[in-house]
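Keep the structure open beside you and check each point as you read.

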Amino acid sequence: MKKKVISAALCVSMLASLTAGQLAFAEEDNVIRVAISAPMTGGLAILGEGSQHAVDMAVEEINALGGYQIEVLNNGNLADDASDSKQAINVYNSLMAEDPDVLIATYNSACSIPMAELAQKDGMVQLSPGSTNYSLTEIGDHIFRTCFIDPYQGKMASKFAVSQGWTTAAIIYAKDDDYSNGLKDAFVESAAGDGVEILYTGECTTKDTDFTAQVSQVVASDAEMLYFPCFLDIVPLLVQQARDAGFEGAIVCGDGSDGADTTGLEDAFNGVYYTNHYSSEDTSEAVQNFVTKFTENYGSESLNACAALYYDSVYMVYQAAINGGGTDTESILAGMTNLEFSGVTGSFTLNDTGDPEKNVVVNTYEDGVCTWMLTLDPEGNVVE
């Protein structure tokens, strides 16, 4: 079947542009039963909140079209994996008991990987919105993702350094976290070929609150930038302590820092940057429609890249059903394989391992407010 590309835009005019053929489905079996999980509690709960809102938006829009309908299991609620791998297994088993056609799960790689191992064994299609660990999709041919992977993002952090003329860097990473290790390793590998010298590498853990020993070494190294690929719950602590120690250089983080609380640290966050999946300031119609509608309905506090990724994931499932010609798991698998898609987080084709390669946004802060800085293409060039 020839694949059709649906842009995950929000406005009625874009939705109305769908062809009549895309809406001509058999009435007797037009429901896609979707199981979804996210971190709804814990340190990343703000990501789960925004994801729930985004899913609600996408489902409402798709169901208004009158063709394939989306039914979110668990009474329409995203099941809470709490960023915990053991709870993720319980969530998986609970959701499978509701007989889904497809699983959208989840943000954290530590949760999505054990879920994917079960999904592949069970013949269930799993689409992960935000899990960037490269090994996820290597589990099998039923596993896909919406986001880019850790090695790609770490490489792009080095390309960003080159674009800014920085030639020296220090690194602090969480040794107990696969995400942090993956970005660190990719950054180091790319930096070696990009002419960025690593002057200091320090370790921390995801539970640490005191980084004074590490940041003192960063200051002593005289590095122009500090790479800190960790999650948003500890980023403010690191930023504050680095500035208090006298580090005036750039601090570059990964997408896991999206949504970090800058309250009381507005000045300290000047000169902080992070690679991300989209920017709310992108002028494309798809992005601005998404941002406008989300903000009008839910405010801006939980508007983040995780929400945009979950929004696109629902549309990807919808398009996969259209491409595959049915709502059952096997049809969705056929339609998801090498899927061509254009949405809020970019335009891409899933490769043979189920991964997209797409532009990377770099955001920064102005007086504590996140703002778009630039976009890099897959080759590391600044998009004009």
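1. Start with F211. F211 touches C204, F228, I234, L237, L238 and Q241, leaving out residues up to four places away in sequence. Contact here means heavy atoms within 4.5 Å. F211 is found in the loop between β8 and α8 (212-221). Helices (H or I, at least four residues) and strands (E, at least two) are DSSP runs, numbered from the N terminus. F211 has a relative accessible area of 0%, so it is buried. Buried means under 20% relative accessible area, exposed over 50%, and partly exposed in between (1.4 Å probe, protein chains only). The C-alpha atoms of F211 and Y107 are separated by 26 Å, and the two residues are 104 apart along the chain.

2. A word on the source. This is a predicted model: local features need pLDDT of at least 70, side-chain atom pairs count only at pLDDT 80 or more, and totals for chains, interfaces and linings use all residues. Residues are numbered from 1 along each chain as its sequence is written, and side-chain values use heavy atoms, with hydrogens and water left out.

3. Now the sheet. Seven strands form an open sheet in the order β8-β7-β9-β10-β11-β14-β15, with mixed pairing. Two strands pair if DSSP finds at least two bridges between them. β8 and β15 (369-376) are the edge strands, and each pairs on one side only. On average, neighbouring strands of this sheet are turned by 25° against each other, direction ignored. Angles run from 0 to 180 degrees between N-to-C directions; axes are lines fitted to C-alpha atoms, for helices over the stretch in contact.

4. Which strand is largely enclosed by the rest of the structure? Strand β7 (residues 168-174) is, because seven of its seven residues are buried. T168, A170, I172 and A174 point one way from β7, while A169, I171 and Y173 point the other way. In a regular strand the side chains alternate between the two faces of the sheet.

5. Look at the partners of β7. Strand β8 (residues 197-204) pairs with β7 in the parallel sense over seven bridges. In that pairing, A174 stands opposite C204. Strand β9 (residues 225-227) also runs parallel to β7, joined by three bridges. There, I171 stands opposite Y227. β7, helix α7 (residues 178-194) and β8 make a right-handed β-α-β unit. Right-handed means that, with the strands pointing away from the viewer, the path from the first strand over the helix to the second runs clockwise.

6. Move on to β10 (250-253). Three bridges join β9 to β10, and these strands run parallel. A250 is the bridge partner of M225. Another three bridges join β10 to β11, again parallel, with I251 opposite V272. A250 and V252 point one way from β10, I251 and C253 the other, and all are buried. β9, α9 and β10 make a right-handed β-α-β unit.

7. Two strands at the other end need a look. Strand β14 (residues 360-366) and β15 pair in the antiparallel sense over seven bridges. T375 in β15 is the bridge partner of V361.

8. Helices cover the sheet too. α8 packs on the sheet and touches β7, β8 and β9; its direction makes about 175° with that of β8. Helix α9 (residues 235-244) lies across β7, β9, β10 and β11 (272-276), running at about 165° to β10.

9. Check the cores. A nonpolar core is a set of buried Ala, Val, Leu, Ile, Met, Phe, Trp, Tyr and Cys residues joined through side-chain atoms within 4.5 Å. The largest one has 105 residues, and I32, F228 and F290 touch the most other members. Helix α11 (residues 305-324) gives the largest share, 14 residues. A second, separate core has 18 residues, including A79, A88, L103 and I113.

10. Finish with Q153. Is Q153 buried or exposed? Q153 counts as buried, because its relative accessibility is 0%. Q153 lies in helix α6 (residues 150-163). Setting aside residues up to four places away in sequence, Q153 touches T132, F148, Y179, L183, G254, D255 and T275.
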